[in-house]
Each structure stands twice: as structure tokens, then as C-alpha cells.
Amino acid sequence: MVLKELINECRNNNRKAQKELYDRFSSNLFASCLKYAPNYEEAQDILQDTFIVIFKKIDQFKDDGSFEGWCRRIAVNTALQRYRKKKVFNLVNEDQIKDEEVEIEETDDIDLTSLLAMVQQLPERYRMVFSMYVLDGYSHKEIASMMEITEGTSKSNLARARQHLKEMIIKWRENNSNAS
């Protein structure tokens with residue numbers, strides 16, 4: 001079925017069309033959910049919540065943009081809502097933090113699964129900002145608005161996320177060079 005027809009059928013609550021839409025987009029959206037979730041199970045929960053919202057709000061999709069991009073935005077917002085409810089954004093005053101850029105060395109020697117596992121180990125607020133900024137290309141202004149924090153807090157959380165990742169990469173390399 002052509003995507004436009006599939007979307008129209010979903011607007012009419014056609015269960016077969018909804019399943020086909022789910023089958024078509026769930027793997028890509030799950031990859032987005034994994035970036036924001038601390039583990040596989042929570043990513044699955046976010047994905048399910050995302051599709052509930054997609055099917056509820058499919059009438060709001062205007063055919064002038066990318067449907068997948070629209071769905072990805074819902075996945076990000078769903079993840080953010082989930083963590084806002086947990087109140088994980090108890091942040092320090094950004095005036096106390098030096099805004100320094102943390103450089104992470106090349107990671108060609110680390111497989112994607114290991115890198116994703118490291119990102120998932122970041123504290124929630126750092127993982128969210130890192131994923132939004134580095135992996136999804138949001139600006140600090142957009143992140144601040146979506147997470148209800150200041151731009152300075154977004155920048156400091158990104159710097160701290162990078163610092164944590166740098167430390168994890170160093171440990172990973174030490175462990176893997178010892179294993180060789």
C-alpha cells in the first residue's frame with residue numbers, strides 16, 4: 001500500500017493499516033527510542049506509547065512533510081514526557097559550571113552496540129540532552145524549550161555527557177586491550 005493511502009486508512013481506524021504502518025516504521029522508531037531509554041525494555045515501552053500517540057493524532061499530520069520525521073518527533077516527545085514525569089531534571093545552577101568543550105577521540109575501534117550501551121548508561125538528563133543534540137541534531141535552544149531548562153543547562157549537560165562518555169570509552173579501551 002502507498003504511504004498516503006496507508007495513512008488515510010489509519011485515519012479511518014483500519015486495524016490492518018495500523019499494523020502495516022507499525023511494521024513499516026517500528027524498527028526505525030525503536031532505534032530512536034533506544035537513544036533516549038536507559039535500557040531495551042523502556043525503549044519498547046516508549047515505542048508502544050509513541051504508536052498510541054501516532055494513531056490518536058494521525059489526523060494532525062499534514063501531507064506537506066516527512067511522515068517518518070513527524071513520527072520521530074512524537075517518539076522524542078514521548079520519551080521526554082516520560083522522563084519529565086520522573087522529575088529527573090533536578091539540575092545544578094549552570095553558573096557554577098565552566099562551559100568547556102569535551103573532545104572525544106575517534107571511536108572507529110568501538111562497535112555501535114558498545115557505543116549505544118555507553119550512551120544508555122549516561123545519567124538520564126545527560127543522555128536526553130546528548131541524544132537530542134548529537135544524535136538528532138536539535139539546537140540547545142530547542143532542547144531547552146522541549147525539556148523546560150535553560151540553554152546554559154543544556155550546554156552544561158552536554159559537556160558532562162561527553163565527559164562521562166570519554167571516561168567510559170577510556171575504560172572500554174583499557175578492558176579490551178587487556179583482553180587482547
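Author: What follows is a walk through folds, core, rings, a pocket and a few backbone details. Keep in mind that this is a predicted model.

Reader: How many helices and strands does the chain have?

Author: Eight helices and zero strands. Along the sequence the pattern reads α-α-α-α-α-α-α-α.

Reader: What share of the chain counts as buried?

Author: The chain has 180 residues, and 39% of them count as buried.

Reader: What should I expect to find inside?

Author: In soluble globular proteins, nonpolar side chains tend to be buried together. Now the case here. The largest nonpolar core has 48 residues. Those with the most contacts inside this core are Leu-21, Leu-29, Ile-54, Phe-67, Leu-122, Met-132 and Met-147.

Reader: Which elements give two or more residues to this core?

Author: Helix H1 (3-11), H2, H3, H4, helix H5 (112-121), H6, helix H7 (140-147) and helix H8 (151-179). H4 gives the most, with nine residues.

Reader: Take Leu-21. Where is it found?

Author: Leu-21 is found in helix H2. Its relative accessible area is 0%, so Leu-21 is buried. Leu-21 and Phe-51 are 30 residues apart along the chain, and their C-alpha atoms are separated by 9.5 Å.

Reader: How do I read ring pairs, and how many aromatic pairs are there?

Author: Check the distance between ring centres, then the angle between the planes. The structure holds seven aromatic pairs. One of them joins Phe-25 and Phe-67, with 5.4 Å centre to centre and 65° between the planes. That pair is edge-to-face. It links distant parts of the chain: Phe-25 lies in helix H2 (residues 15-36) and Phe-67 in helix H4 (residues 67-85), 42 residues apart. Both Phe-25 and Phe-67 are buried.

Reader: Why is the pair of Phe-61 and Trp-70 tilted?

Author: The ring centres of Phe-61 and Trp-70 are 5.4 Å apart, and the planes stand at 55°. Edge-to-face needs over 60 degrees and stacked needs under 30, so a pair in between counts as tilted. Phe-61 and Trp-70 are both buried. Ring pairs link Phe-25, Phe-61, Phe-67 and Trp-70 into a cluster.

Reader: How are pockets found?

Author: Rolling a probe the size of a water molecule over the atoms shows where empty space is left. In this model, the second largest pocket holds about 150 Å³ of space.

Reader: Which residues line the second largest pocket?

Author: Ile-46, Asp-49, Val-53, Thr-78, Gln-81, Arg-82 and Lys-85. By class, the lining has two nonpolar, two polar and three charged residues. Helix H3 (40-57) and H4 each supply at least two lining residues. H4 has the largest share, with four residues.

Reader: Which residues of H6 are buried?

Author: Tyr-126, Arg-127, Met-128, Val-129, Phe-130, Ser-131 and Met-132 are buried. Ser-156 and Tyr-126 are 30 residues apart in sequence, yet 9.0 Å apart C-alpha to C-alpha. Ser-156 is found in helix H8. It has 6% relative accessibility, so Ser-156 counts as buried.

Reader: What should I look for in the backbone angles?

Author: Most residues other than glycine have a negative phi, and most peptide bonds are trans. Now the cases here. Just after H6, Gly-137 takes a positive phi of about 75°. Asn-13 is not a glycine, although its phi is positive, about 60°. Glu-148 is not a glycine either, and its phi is also positive, about 60°.

Reader: Where are Asn-13 and Glu-148 placed?

Author: Asn-13 sits in the loop between H1 and H2. Glu-148 sits in the loop between H7 and H8.

Reader: Is Asn-13 buried or exposed? And Glu-148, buried or exposed?

Author: Asn-13 has 52% relative accessibility, so it counts as exposed. Glu-148 has a relative accessible area of 62%, so Glu-148 is exposed.

Key. Residues numbered from 1 in each chain as written. Predicted model: local features only at pLDDT ≥ 70, side-chain atom pairs only at ≥ 80, totals over all residues. Heavy atoms only, no water. Phe/Tyr/Trp six-rings, centres within 6.5 Å; stacked < 30°, edge-to-face > 60°. Buried < 20%, exposed > 50% of the residue type's maximum accessible area, 1.4 Å probe, protein only. 1 Å grid on protein atoms, 1.4 Å probe; cavity = no way out; pocket = protein on both sides within 12 Å on 5 of 7 lines; lining within 4 Å. Points joined across faces, edges and corners; volume = space filled by probe spheres on them. Nonpolar A, V, L, I, M, F, W, Y, C, P; charged D, E, K, R; others polar. Core = buried A, V, L, I, M, F, W, Y, C linked by side-chain atoms within 4.5 Å.
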